[in-house]
Amino acid sequence: MSQPVRKRGRWRPQLDRPALVALLFGLAGVGYRLVLTLHTVPVSNSDEATFGLAAMHIAQGRELPVFLYGQRYMGVLESYLAAPLIAVAGPSWPLLRLPLLLLYAVFLWLIHRLTRRICSPWFAAFVVGLLALGGERVVRDQLTVVGGRPEVKVAVLLMLLVVVGLARGTVRHRRLAVGLFGLLAGVAAWSDWLILPYLGAAALALLWVARRELLGWAGALLLAGFAVGIAPMIRDNLVAPPGEDSLSVLREVSTRAGPTPPWIRRLDGGLLEGVPLAAGLCPVDGCSRWQGWFGLLYPLLLVVAAALAVVAYRRAAGAPPGRRVGPVVHLALVVGAALTLLSYVRSPLAATSPLDNARYLSVLQLSLPAVLWPLWLAAVACWRGTVGALGRLAGALATAVLAALTATTLVVTVQFAATGTEASRVEERQARELADRLRAGGPHEVYGDYWTCNRLIFNTDESVVCAVLDGELTPGQNRYPAYWRQVGRADRPGYVLAAGSAAERRLRRLLGDRADAALLAEVGGYRVYHPETPVRPWR
C-alpha cells in the first residue's frame with residue numbers, strides 16, 4: 001500500500017509494488033503520448049483548429065467564447081486551458097494539445113486512486129496498464145482538441161472520489177467537498193453534454209452518502225457550485241436569439257440525420273463497431289467481424305457487474321457507509337456506461353456512420369474498472385484455488401478474456417506506433433508547406449473548403465484568412481463570420497482547393513481559358529489560384 005513515511009527528517013511517499021507498477025505504466029502511457037503530441041499525431045484538422053483559433057482570441061483578449069464558434073452546445077474549456085501557452089509562445093499544435101496530455105496524466109492518476117479504493121491494488125495497476133495503451137482511435141480522443149471528453153472524465157472521477165471520501169470520513173471539510181462536487185458537475189455539463197449520464201449516476205451516489213447533509217449548508221453549497229460551473233452556459237442561452245439556444249440547436253442536430261435505421265443496424269454499429277473502437281481493440285479504419293467480440297460481451301459484463309455490486313451491497317447491510325460505498329460507486333459506473341451506450345445506439349449515427357462517431361463512446365473508459373472487475377475476481381479465485389470445478393472453469397474463461405483484451409489492445413497500439421503515424425506526419429507536413437507558401441507569397445485572403453480553411457488560418461497565425469466554400473463554390477460552414485467578411489471585402493481573393501475536387505473543377509469552368517493563367521502553385525495536394533477578377537458566383 002502507498003503511504004507516507006519519515007526518514008532522516010525528510011517526508012516522502014513509499015510506493016508498494018502495485019503502485020510502483022501502475023506508476024511505470026502511467027509514465028509509459030504519458031511518454032508515448034508526449035512523443036505523438038510533439039509530432040502532431042494524430043493529424044490536425046479544421047475542427048481542432050477552431051478550438052485553437054478560439055484559444056488565440058482568448059489569449060489576445062479579443063473574444064471570450066462560451067461555446068465553439070458556430071455552435072451553441074460544445075464548451076471551449078480546452079481553448080481556455082491552452083490560451084496561456086499560446087499567449088506566451090504563439091500558436092502551435094503541440095502547445096494546443098499539451099493541456100490534454102496533462103489531463104490524460106491526471107485521468108490515469110485519479111482512476112488508479114478510485115480503483116484502488118473500490119477494488120484492489122493490483123487490479124488498479126492492471127487498469128492503468130490497459131489505459132496506457134492506445135491505437136489511433138483512442139489517442140485521437142485523448143489528445144486532439146475537439147471538445148469535452150478529456151476534461152469531463154477527470155471531473156467525474158474527482159466527483160466519485162469525493163463520494164468515497166465522504167463515505168469513509170477521510171474528507172476534513174465536508175461542506176466544501178460537496179460544493180466542489182457541484183462545481184465539477186456544472187463545468188462538466190457546460191463542457192460536454194455527453195457526460196450527463198455519468199453526472200446523474202454520480203449525483204445519486206452523493207445523495208446516498210450525504211442525503212441528510214444536503215438538507216443544510218452542504219446542499220446550498222452544492223447548488224451554488226453547480227451554478228458557478230454552468231454559469232457561462234446559462235448566460236449564453238439567456239442572450240441567445242430565438243431558436244439558437246443549446247436545446248434548440250441540439251434538437252435540430254439530432255433530427256437532421258433522416259429516417260431512423262432499424263434497431264438491429266444500430267446495435268450492430270454501436271456494439272460490434274463502436275464499443276471495440278472506443279476500447280482500442282480495432283484500427284481507426286474499422287473493426288473486423290472477429291474484433292467485435294468485446295462489443296457482444298460488454299452488455300453481459302455490465303449486467304454481471306451490476307449484480308455483483310448489488311450482492312456486495314446487500315451483504316454489507318448494517319455496515320458503516322465506508323464499507324458500502326464501493327458497491328455504490330460500482331453501480332454508478334455501470335449505470336453511467338449503460339445509459340451512455342443506450343443513448344448512442346438510439347442515434348441513427350450508430351448505424352449510418354459508426355467509424356466517425358465512435359468517439360462519443362470514449363467516456364466508457366470511466367467504467368472500465370467496474371466492467372472488468374467481475375472478470376478479475378473470477379480469475380483471481382481460480383488461480384488461488386478457492387473455488388470448485390465450475391468456478392475454475394469460469395476463472396479460466398475470465399483469464400482468457402482479460403488476456404485477449406490486453407493482447408489485442410497491445411497489438412493495435414504497436415501497429416499504430418510502428419506503421420500508422422507516417423500518414424499523419426506526411427499530411428501535417430503538407431499542410432505546413434501550404435501555409436508557409438501562402439504566408440510568404442500570398443494571396444493572404446483566400447477561399448477554400450471547410451477542412452482547409454481554419455487549419456490554414458491557425459497554421460499561419462491569421463496572416464492568411466480563409467473563407468469556406470462548398471463544392472459548388474457557394475458559402476459553406478463558416479464558423480467565425482469575421483473571416484468570411486474579411487475575404488469578402490478583398491479586391492482580389494485567392495482560392496486554395498484540393499486538386500481534382502468538385503470545387504476546383506467548378507472554378508476552372510467559371511474561369512474558362514483564364515484558369516491556367518490564374519494557377520499560382522500546387523502544394524501538398526492543393527492548387528492555389530489567384531485570378532485577376534474575383535469569382536463569387538453566389539453574388
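Are F126 and W376 buried or exposed? Both of them are buried, and the views below, taken from a predicted model, start with this pair.

**View 1. F126 and W376 make a tilted aromatic pair.** Searching the whole structure turns up 15 aromatic pairs. In the one shown here, the rings of F126 and W376 sit 5.5 Å apart, centre to centre, with 35 degrees between their planes. F126 belongs to helix 5 (residues 121–132) and W376 to helix 17 (residues 368–384), so this pair ties together parts that are 250 residues apart in sequence.

View 2. Now check how much of each residue is covered up: Y450 has a relative accessible area of 11%, so Y450 is buried. W451 comes out at 47% relative accessibility, so W451 counts as partly exposed.

**View 3. Four rings join up in a cluster.** Zoom back to F126 and W376, and you'll find F123 and W373 linked in with them through ring pairs.

**View 4. R266 puts its charge over W263.** Look for the charged end of R266: it sits over the ring of W263, at 4.2 Å from the ring's centre.

**View 5. R324 lies over the face of Y313.** This time the ring belongs to a tyrosine, Y313, and R324 is 3.7 Å from the ring centre.

Definitions and conventions. Residues numbered from 1 in each chain as written. Predicted model: local features only at pLDDT ≥ 70, side-chain atom pairs only at ≥ 80, totals over all residues. Heavy atoms only, no water. Phe/Tyr/Trp six-rings, centres within 6.5 Å; stacked < 30°, edge-to-face > 60°. Helix = DSSP H or I, 4+ residues; strand = E, 2+ residues; numbered from the N terminus. Buried < 20%, exposed > 50% of the residue type's maximum accessible area, 1.4 Å probe, protein only. Lys NZ or Arg CZ within 6 Å of the ring centre and 35° of its normal.
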